[in-house]
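Subject: Structure handover

Hello,

Here is the structure for you to look through. My notes follow below it.

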There are 2 protein chains.
Amino acid sequence: MTAKPSRQPTEDRQAEIVLTLLRLAAGRSALDITTSDIAQAMNLSQGALFRHFPTKEAMRLAVVAWIETELLQRLDAARASASSPVDALRAMFLAHVDFFIAHPGVPRFIFGELQQADRTPLKERVRELMARYRERLAAVLDAASAAGLIRPGTDHAAAAALFLGAIQGLVIQSMVSGSVDGMRAQAEAVFGLYVQGLEAQP
Amino acid sequence: MTAKPSRQPTEDRQAEIVLTLLRLAAGRSALDITTSDIAQAMNLSQGALFRHFPTKEAMRLAVVAWIETELLQRLDAARASASSPVDALRAMFLAHVDFFIAHPGVPRFIFGELQQADRTPLKERVRELMARYRERLAAVLDAASAAGLIRPGTDHAAAAALFLGAIQGLVIQSMVSGSVDGMRAQAEAVFGLYVQGLEAQP
DNA sequence: CTTGCAAGTGAGTGATTACTTACTTGCAAG
DNA sequence: CTTGCAAGTAAGTAATCACTCACTTGCAAG
């Protein structure tokens, strides 16, 4: 299963470290993962990691960058493929859920960073990610409003908050139950309920 | 500000440790809080803590027990004071939000425990708490259904999930922004949107 | 008074962790 | 070939943490 050809360029090792960290984060809290854990999972000595990242924080920063790129790309693709703003909301919702079903370490990692107290650069980065997410939601909600698809007078900030909350609720539920079984089906039901409160009456 | 009369019975110290731990958890991740931090916040030597709890895990377990008692009590009081099932949902929602506005350490603490991987007794305890919460939600939703107040065919599991998600979304938003300002106002807006998707049409 | 014990102190202790360093090894260009 | 350097190793190191232990102190009952 193992038997990597050893000796690999820094660029490849950096990517490998990011994916390994994320994979391990699916199982336990990201902050509890030691550099020894990562090295062991890569069949590498612990010291070797520091040839590719100066500190452990730099590794976590690279993980956030990876998540940001991947998630926003999926959201944009989902929106682009939709035929109406309300359809775009559904596509983005399910794309997000599918993303963390495919990478269960992602939400655990993000939550771990958010719990950090201070203004660490890492938390700042997560804050940026969420801000961009909200921008995209606001754009779709505005478009839906303009098309008369959602009730007039709807509070867009509340609609965005409930959208994110619905996803976070599903994530937390999977963390409590320890499994993602049935998650996608429930995601569809929850989104249906969400959009019911949003849509204009026929 | 300090100057406690030293020498206090174990029972009082246990309660003090729980509240101190919770107070410190408002600022940083609960798992990062050391026994030295707690002792210092209590004007006590670190070793003294272990006269009152055998391990740090026992302290955290006591915190969960405190949260469970307080939260469920508030939920039950909120429900009892409401005049209809839908009103009960609103009262429970706002009671929960008010609870963590009053004790910002609570959600941080719970999230921290949930992130733990294994079947630790602590995580099991949190799971129980959430199960009891869901029981109460299910009871109110059933009552609302029986009274014809919510749309026929509504998925109760999804409704409960979205209810919890709405709250968790507000919590996470406050963790991102680092403040609870405007939280209650937004809680009312979010609940309004939630209940709009739920209520039967006139 | 005294005396017994719960409560507190402060100096350990071993385990763990991120990071360093002195040294080795493979590989590709000259 | 050789030679220079990026990539890897293994054994540190200082810091931190939960927990222990030998000892002290205040307090309340007899």
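The surface near DNA strand D is made up of five nonpolar, nine polar and six charged residues. The model is a predicted one, so please read every distance below as computed from it.

In total, 20 residues surround DNA strand D. Those closest to DNA strand D come from both protein chains: Arg51(A) and His52(A), together with Arg7(B), Gln46(B) and Lys56(B). Among the atoms of DNA strand D that lie within 4 Å of the protein, 55% are sugar or phosphate atoms, and the rest are base atoms.

Gln46(B) contacts a base instead: an N or O atom of its side chain is 2.4 Å from a base nitrogen of DNA strand D.

DNA strand C has 21 residues around it, and the nearest are Arg7(A), Gln46(A), Lys56(A), Arg51(B) and His52(B). The surface near DNA strand C has five nonpolar, 10 polar and six charged residues.

Which part of DNA strand C does the side chain of Gln46(A) contact? A polar atom of that side chain lies 2.4 Å from a base nitrogen. Thr35(A) has a side-chain N or O atom 3.0 Å from a phosphate oxygen of DNA strand C. Lys56(A) uses its backbone, with a polar atom there 2.6 Å from a phosphate oxygen of DNA strand C.

The last topic is aromatic rings. Over all chains there are 11 aromatic pairs. One of them is Phe93(A) with Phe191(A), a tilted pair with ring centres 5.1 Å apart and 50 degrees between the planes. This pair joins distant parts of chain A, as Phe93(A) is in helix 4 (residues 85-102) and Phe191(A) in helix 8 (residues 183-198), 98 residues apart. Phe93(A) and Phe191(A) are both buried.

Phe191(A) also pairs with Tyr194(A), and this pair is tilted because its planes are at 45 degrees, with the centres 5.8 Å apart. Phe191(A) and Tyr194(A) are three residues apart in helix 8 of chain A, so about one helical turn separates them. Tyr194(A) counts as buried because its relative accessibility is 2%. Phe93(A), Phe163(A), Phe191(A) and Tyr194(A) together form one aromatic cluster.

Regards

How values were computed:
Residues are numbered from 1 along each chain as its sequence is written. Chains are lettered from A and ligands numbered from 1 in the order in which they are written. This is a predicted model: local features need pLDDT of at least 70, side-chain atom pairs count only at pLDDT 80 or more; totals for chains, interfaces and linings use all residues. Side-chain values use heavy atoms; hydrogens and water are left out. A residue is near a molecule or strand if one of its heavy atoms lies within 4 Å of it. A polar contact is a pair of N or O atoms within 3.5 Å; within protein, one must be able to donate a hydrogen and the other to accept it, and residues adjacent in sequence count only if both atoms are side-chain atoms. Ala, Val, Leu, Ile, Met, Phe, Trp, Tyr, Cys and Pro count as nonpolar, Asp, Glu, Lys and Arg as charged, and the others, Gly among them, as polar. Rings of Phe, Tyr and Trp (its six-membered ring) pair if their centres lie within 6.5 Å; planes under 30 degrees apart count as stacked, over 60 as edge-to-face and the rest as tilted. Helices (H or I, at least four residues) and strands (E, at least two) are DSSP runs, numbered from the N terminus. Buried means under 20% relative accessible area, exposed over 50%, partly exposed in between (1.4 Å probe, protein chains only).
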